[in-house]
Amino acid sequence: MDFIRRNRVFLTSAACLLLAAGLALRTGRQQTRADRLGRFFLELMAPLQRSTAAVDRAIVSAWRSVVELVGARNENVVLRIRVQQLEQEVDRRSELDIENARLRGLLDFRRTLQGDILTARIIGRDATGMARTLVIDRGEADGVVKGAAAFAPEGVVGQIFLASRHAARILLVSDHNSGVDALVERTRARGIVQGTVDSGCGLKYVKRTEDVQVGDTVVTSGLDGIFPKGLPIGRVVSVDKRGQGLFQSAEVAPRVDFDRLEEVLVARGSFTLLEEAPAAPEQ
Amino acid sequence: MRSVLAIAAAGVAAMLLQTGIFPALPYLPVWPDLILVLAGYLGIRHHTSAGGAVGAFLLGYFLDTFSGTILGMQAFSLTAAYVAMTLMARHLWMERGLPLMATIFVGGCVRALAAVGVAAMVATRAQVWQHVVRYGFVEAAAAALVAPAVFWGVTWEKRLLGLR
């Protein structure tokens, strides 16, 4: 009796172990269970588990919300980057379209010319406001020589005045050091187009007796041996007959917008216009 | 009686957590077996009473109702774990901290091996063995980690019921 009292815990444990093993052996191979205590436990827990299931659903729902929120945030970042990329792509394509149209214009214009013509890209402008020059990406290696004519579909641009191996500088027709022999297209009155201080051009040395009117187109005469005859230079915007001298002068607005110019054509040697007319609209 | 009530309430709460809340928590491959910790509580705090063994058996039976198909497997393994933890508690003094966690860990290991033993008796050893090899130690470690909190919870519950 004393043995039982001293070892009651282990004896009870042994009995429980035997009972559990017996239960396991008896029910182990059965597909179903019918123990009353199990059914009682199941019944007891059912309402509580139903309540827990609501908590469970709330947890799952909250977690899904967090996951979706994080996912949405990440997706937002990705989409923002994508939008940026697409905007850049649209800008790039838009730029390419504009460039394409410009180059197509140049190409069309080149078809109206006979001679060795080179297309050059403008890569720089005058470092100060004191002169009007451009830098192009073609040089002596491409056949560009000092004195060569530079022009655009709209008209005369200027003249190469300095050339290195892979670059050259153009003195614009609007620079005050420039001079181009010109004609008033309507009356064939001759003069010299020179740059003025205020970024325009002046038609000088035109006989006072010649008929020059506002709106007349001024073109190259072809006599200077640089530009072919008939290349547009600009349009007369004012005529000055003041003074008692032999000549009258006129202010000429260049057809080419030098500030927006991006490509020019450079003549390698002499060239001629196949049709003597302004080939392209004003910029 | 109130002590039995406290353990029963803790068992119900543990079962609700194990069957409802833990499985819903994401990224939790294993979760602590709180029923094992309760059996450990009985083994450590009630190691002189025969009621502890019956309590462990009933907790195992309770677990059997909600786990697996073999009735008696959890009852056997939890009783075996209870015996192991009782033996340790008789030779070691522990209230909380690392010795308590170590005891629960050992109980978890014994419980896993006992489950394999029962499974072997009813010819489904392979599946249980694979689970024990893969997760047995991790589950025992998880139970050991939460053991101090569970012990604190049961003690608090008993105090609430006016026991000690």
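## Helices H3 and H4 of chain B

A crossing of two helices is called right-handed if the near helix is turned clockwise from the far one by less than a right angle, and left-handed if anticlockwise. In this predicted model, H3(B) passes H4(B) in a right-handed crossing. Helix H3 of chain B covers residues 50-66 and helix H4 of chain B covers residues 73-91. The two pack at an angle of about 145°, and their axes are 7 Å apart.

Several residues of each helix take part in this packing. Sorted by class, the contact of H3(B) with H4(B) has 11 nonpolar, six polar and one charged residues.

## Length and surroundings of H3(B)

At 1.5 Å a residue, the 17 residues of H3(B) should span 24 Å; the end C-alpha atoms of H3(B) are 25 Å apart, which agrees. Of these 17 residues, 13 are buried, so H3(B) is largely enclosed by the rest of the structure. After H3(B) comes Gly68(B), which has a positive phi, near 70°.

## Helix H1 of chain B

Helix H1 of chain B consists of residues 2-21. Its 20 residues should span 28 Å at 1.5 Å a residue, and a distance of 27 Å between the end C-alpha atoms agrees with this.

The buried residues of H1(B) include Ala6(B), Ile7(B), Ala10(B), Gly11(B) and Ala14(B). An α-helix has 3.6 residues a turn, so residues three or four places apart point the same way. Met15(B), Leu16(B) and Gly20(B) are also among the buried residues of H1(B).

## The barrel of chain A

Chain A contains a closed barrel of six strands, in the order S1-S2-S5-S4-S3-S12, with antiparallel pairing. On average, neighbouring strands of this sheet are turned by 45° against each other, direction ignored.

Strand S1 of chain A (residues 113-125) and strand S2 of chain A (residues 133-136) run antiparallel and are joined by three bridges. The bridge partner of Arg125(A) in S2(A) is Leu134(A). Helix H3 of chain A (residues 36-110) lies across S1 and strand S12 (263-273) of chain A, and runs at about 5° to S12(A).

## Where the chains meet

In the contact between the chains, 31 residues of chain A touch 36 residues of chain B. On the side of chain A that touches chain B, helix H2 (8-27) and H3 of chain A are the elements that give two or more residues. H3(A) gives the most, with 14 residues. By class, this side of chain A has 19 nonpolar, seven polar and five charged residues.

Note on methods
Residues are numbered from 1 along each chain as its sequence is written. Chains are lettered from A and ligands numbered from 1 in the order in which they are written. This is a predicted model: local features need pLDDT of at least 70, side-chain atom pairs count only at pLDDT 80 or more; totals for chains, interfaces and linings use all residues. Two strands pair if DSSP finds at least two bridges between them. Helices (H or I, at least four residues) and strands (E, at least two) are DSSP runs, numbered from the N terminus. Axes are lines fitted to C-alpha atoms, for helices over the stretch in contact, and angles run from 0 to 180 degrees between N-to-C directions. Two residues are in contact if their C-beta atoms, placed from the backbone, lie within 7 Å. The expected span of a helix is 1.5 Å times one less than its number of residues. A residue is buried if 20 or more other C-beta atoms lie within 10 Å of its own, exposed if 12 or fewer, and partly exposed in between; C-beta atoms are placed from the backbone. Ala, Val, Leu, Ile, Met, Phe, Trp, Tyr, Cys and Pro count as nonpolar, Asp, Glu, Lys and Arg as charged, and the others, Gly among them, as polar.
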